[in-house]
Amino acid sequence: DNNNGVLPLSEDTMMQLKKKHPIPTGIRDETLLYGPIMKLDSSYFDLIDGNMIGRAAKMTNGAAGPSTTDADFFKYLLLHKRFKGEGQDLRDELAKFARSLASEYIDPSIIDSYVNCRLIPLNKCPGVRPIGIGETVRRIVGKAIAWALKMDIQETAGPSQVCTGLKSGTEAAVHFIRQQFQVESAEACILVDATNAFNAVNRMVMLHNIQRQCPEFAPIAINMYRAPSRLFVCGTEIPSAEGTTQGDNLAMPLFALATLPILQKLKELRKVMQVWLADDASSVGTLIHLKTWWDMIVAEGIKYGYHVNPSKSCLIIKHPSSMERAMEIFGESGIEIKITGQRHLGAVIGSQEYKRLYINNLVEEWTKMINKLSDFGQSQPQAAYAAFTHGVRHKMTYFMRTIEGLDQYLQPLDMLIDEKFIPALFGCPITPLERRTVALPVRCGGLGIPVLSKLASEEYKTSMEVTKSLVKAMAGIETDIDHDSESLKEILKVRAEKHELEYTLICNESSDRSTRAINQAREKGSSSWLTVLPLKSYGFTLNKGEFRDSLLLRYNKDLPRLPQSCVCGAKMDINHALNCPRGGYIIIRHNSVRDFIAKQLSTVCKDVECEPHLQTLDGETFSTSTTLTGDNAHPDVRARGFYRPGQNSYFDIKFLNPNSESYLSSSTEKIYERAETQKRRLYNERILNVEHGSFCPLVYSVTGGSGPEARTFFRLLCEKIAYKTQQNYSDVVNFLRCKLSFIIRKLVLLCIRG
């Protein structure tokens with residue numbers, strides 16, 4: 001699309017970039033705050049350690065700064081297991097540097113290269129948005145410092161400036177302005193747009209005032225911005241001497257505090273209700289009071305480098321009868337006056353007719369998007385599914401949470417998803433009952449493809465509930481906004497109960513085999529292959545046939561193009577394919593999981609062996625008659641020191657098909673327990689009494705589930721890997737669970753398709 005992306009570096013683009021970075025403006029005495037400066041405790045930033053730097057590095061993405069070292073390179077240096085000690089040392093040194101940068105004042109010449117950026121011109125449609133791509137190490141360190149300062153910044157800025165990371169802040173701002181607009185005494189709403197706001201705010205005033213507003217934030221702000229930084233573009237330099245650098249992860253909180261004096265001055269007009277999202281200010285009140293507010297924001301804004309753009313700002317009149325009076329009051333202001341409505345922070349405010357038109361345009365755009373995804377899904381169903389669940393659905397959810405009554409317009413979109421998108425994923429149509437199943441969350445056995453018209457009203461109510469305290473705080477009614485987290489917990493609990501009820505109803509209407517399939521899809525680990533992005537580098541990809549076969553197997557649907565008979569002569573079906581030993585696929589399936597377990601054990605144990613032989617027996621007898629006594633008895637894996645230092649731990653793997661005819665009378669959990677007991681009878685007594693070791697049976701299902709012993713072992717293994725590699729336990733367990741899920745998924749398909 002020619003209207004998006006990076007602009008070509010033409011003379012016009014370069015001229016606009018230079019205009020976007022003005023020379024410093026003068027300082028007015030009335031803009032400066034005075035008073036004592038609180039001395040910062042030297043231990044304030046001690047929470048920034050090597051682990052926090054590692055977490056920040058993991059969440060840092062994007063291109064390289066002037067030094068050409070991108071985020072992937074630093075992730076490799078800081079996090080790769082190849083650099084165990086060195087990576088930890090580097091993380092610790094960066095944490096030390098971050099603490100110093102955040103608490104001490106450093107000579108600008110020392111960190112000159114650290115603060116420089118590569119400048120790119122993004123197409124603003126129309127216009128240019130200058131983005132400074134800083135050094136990757138600056139982004140990592142800045143992210144860690146921002147985490148440490150988050151609570152102080154939010155407390156300083158208050159609830160009326162939501163760009164400081166307040167939970168559901170944007171949604172709360174939308175609800176607040178809409179509610180105030182609906183108040184009977186309100187006549188109009190003003191939506192303010194500022195010109196080049198981030199790059200034009202008075203930098204010296206900002207740095208002076210921040211020492212009194214938020215002393216904890218002052219050292220890092222002054223270190224980063226007291227000297228002009230160099231922005232490199234197309235072989236030339238543009239100095240950044242004013243404002244903040246868009247792209248810097250500290251720019252948003254800095255801008256919030258830079259404009260805080262304006263916001264506080266405007267709050268003196270108690271008849272006007274206002275809220276800000278960075279430079280986007282919104283206010284509601286009577287026309288007379290709004291005019292006073294408008295004049296004040298224009299006048300006060302100039303003092304601080306916040307330049308209101310009247311031509312892009314708008315005044316929305318609630319009643320057409322007020323139009324003439326509004327023209328009289330605001331006639332010379334230059335602001336656009338509307339009686340219809342306007343887009344507001346992604347949502348909409350104004351008349352019902354304008355809202356209907358806006359939603360129709362939105363649904364039309366989504367329809368095109370789903371059509372494209374459906375067409376793409378014909379050849380790449382896994383990528384199309386990931387794009388919907390990780391992107392499109394979340395985009396839709398924001399609008400559902402901020403626009404009331406959206407559910408009335410989404411039936412055509414639901415029909416398109418049912419008739420085109422889902423069949424593109426499965427390769428065939430599905431029944432209405434199966435549609436209800438795939439609407440459930442993945443953890444509940446579904447695919448997380450909801451019925452949008454049902455979801456919309458639920459999401460809107462949820463948003464209203466979880467932002468209730470914050471909205472009241474914006475109105476000055478309430479100061480404690482912690483109630484929203486409790487509301488969210490209660491809502492999530494109710495939602496989980498609702499999903500369980502729907503799951504029960506679906507099972508009551510389904511056949512026994514379908515119910516069994518859904519139950520197996522709900523097991524821990526069975527759905528991990530559906531919850532990740534299809535990243536080829538990690539082996540998280542399935543071709544279109546593999547993905548569709550996996551979906552059909554998940555819901556007990558027949559696979560297409562299966563041969564009539566197996567090479568062994570038996571009638572071919574899915575169960576036979578998963579159990580037939582011909583071709584060696586059963587052995588390959590077993591050995592692949594064994595090798596995966598052994599590889600992960602080698603991360604935390606130095607002495608790991610596959611297929612270890614047990615010591616020869618010299619007349620020992622066992623109380624269990626089924627204990628293996630032959631010389632060729634060998635479990636699958638041995639690891640020294642896994643459970644106890646110096647002790648050998650033995651593991652034997654069993655892969656089973658819980659849908660075999662012999663298992664259908666038992667629940668999957670009972671099948672796992674029975675298989676574990678069988679393995680213990682074979683090995684446990686001999687290993688305990690002869691090897692003086694420990695034994696753990698690892699039972700896995702072709703559906704991706706695992707037995708109780710395997711789940712306990714897996715959790716302990718992940719804990720040890722997380723401790724050894726200095727990673728978060730949740731990251732390790734999620735990654736390894738996905739890795740194992742894809743291994744099992746591909747091995748199962750190998751058994752079926754060959």
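Contact here means that heavy atoms lie within 4.5 Å. By this criterion, residues 24 or more positions apart account for 72% of the contacts in the protein with a separation of 6 or more. The structure is a predicted model, in which local features need pLDDT of at least 70 and side-chain atom pairs count only at pLDDT 80 or more, while totals for chains, interfaces and linings use all residues. Residues are numbered from 1 along each chain as its sequence is written, and side-chain values use heavy atoms, with hydrogens and water left out.

The C-alpha trace of the protein spans about 100 × 60 × 50 Å along its principal axes. The protein has 28 helices and 17 strands; helices (H or I, at least four residues) and strands (E, at least two) are DSSP runs, numbered from the N terminus. Of the 754 residues, 52% count as buried. Buried denotes a relative accessible area under 20%, exposed one over 50%, and partly exposed a value in between, with a 1.4 Å probe and protein chains only.

An open sheet of five strands has the order E7-E8-E3-E10-E11, and its pairing is mixed. Two strands are taken to pair if DSSP finds at least two bridges between them. The edge strands, each of which pairs on one side only, are E7 (273–277) and E11 (336–338). From one strand to the next, the twist averages 15°. Axes are lines fitted to C-alpha atoms, for helices over the stretch in contact, and angles run from 0 to 180 degrees between N-to-C directions.

Within this sheet, strand E3 is joined to E8 by five bridges, and the two run antiparallel; Leu191 stands opposite Ser282 in E8. E3 also runs antiparallel to E10, to which four bridges join it. Ile190 has Leu315 of E10 as its bridge partner. Leu315 is in turn the bridge partner of Ile337 in E11, and E10 (residues 314–317) and E11 pair in the parallel sense over three bridges. Five of the five residues of E3 are buried, so the strand is largely enclosed by the rest of the structure. Ala188, Ile190 and Val192 point one way from E3, whereas Cys189 and Leu191 point the other way, and all are buried.

Helix H13 lies across strands E3 (188–192), E7, E8 (280–285) and E10, and runs at about 15° to E3. The axes of H13 (residues 287–304) and H14 (residues 323–330) come within 10 Å and cross at roughly 30°. The two helices are therefore roughly parallel to each other; angles under 35 degrees count as roughly parallel, over 145 as roughly antiparallel, 65 to 115 as roughly perpendicular and the rest as oblique. The crossing of H13 and H14 is right-handed, a term used if the near helix is turned clockwise from the far one by less than a right angle, and left-handed if anticlockwise. H13 contributes Leu287, Ile288, Leu290, Lys291 and Trp294 to the contact, and H14 contributes Arg325, Ala326, Ile329 and Phe330. By class, the contact has seven nonpolar, no polar and two charged residues. Ala, Val, Leu, Ile, Met, Phe, Trp, Tyr, Cys and Pro count as nonpolar, Asp, Glu, Lys and Arg as charged, and the others, Gly among them, as polar.

E5 pairs with strand E1 (residues 117–123) in the parallel sense over two bridges, and Phe232 is the bridge partner of Arg118. With strand E6 (residues 236–240), E5 pairs in the antiparallel sense over five bridges; Ser229 stands opposite Ser240 in E6. E5 and E6 form a hairpin with two residues between them.

Most residues other than glycine have a negative phi. Cys234, in the turn of the hairpin, has a positive phi of about 55° although it is not a glycine. Cys234 is exposed, with a relative accessible area of 53%. Asn556 likewise is not a glycine, yet has a positive phi of about 60°. Asn556 is placed in the loop between helix H23 (544–554) and helix H24 (574–579), and is partly exposed, with a relative accessible area of 37%.
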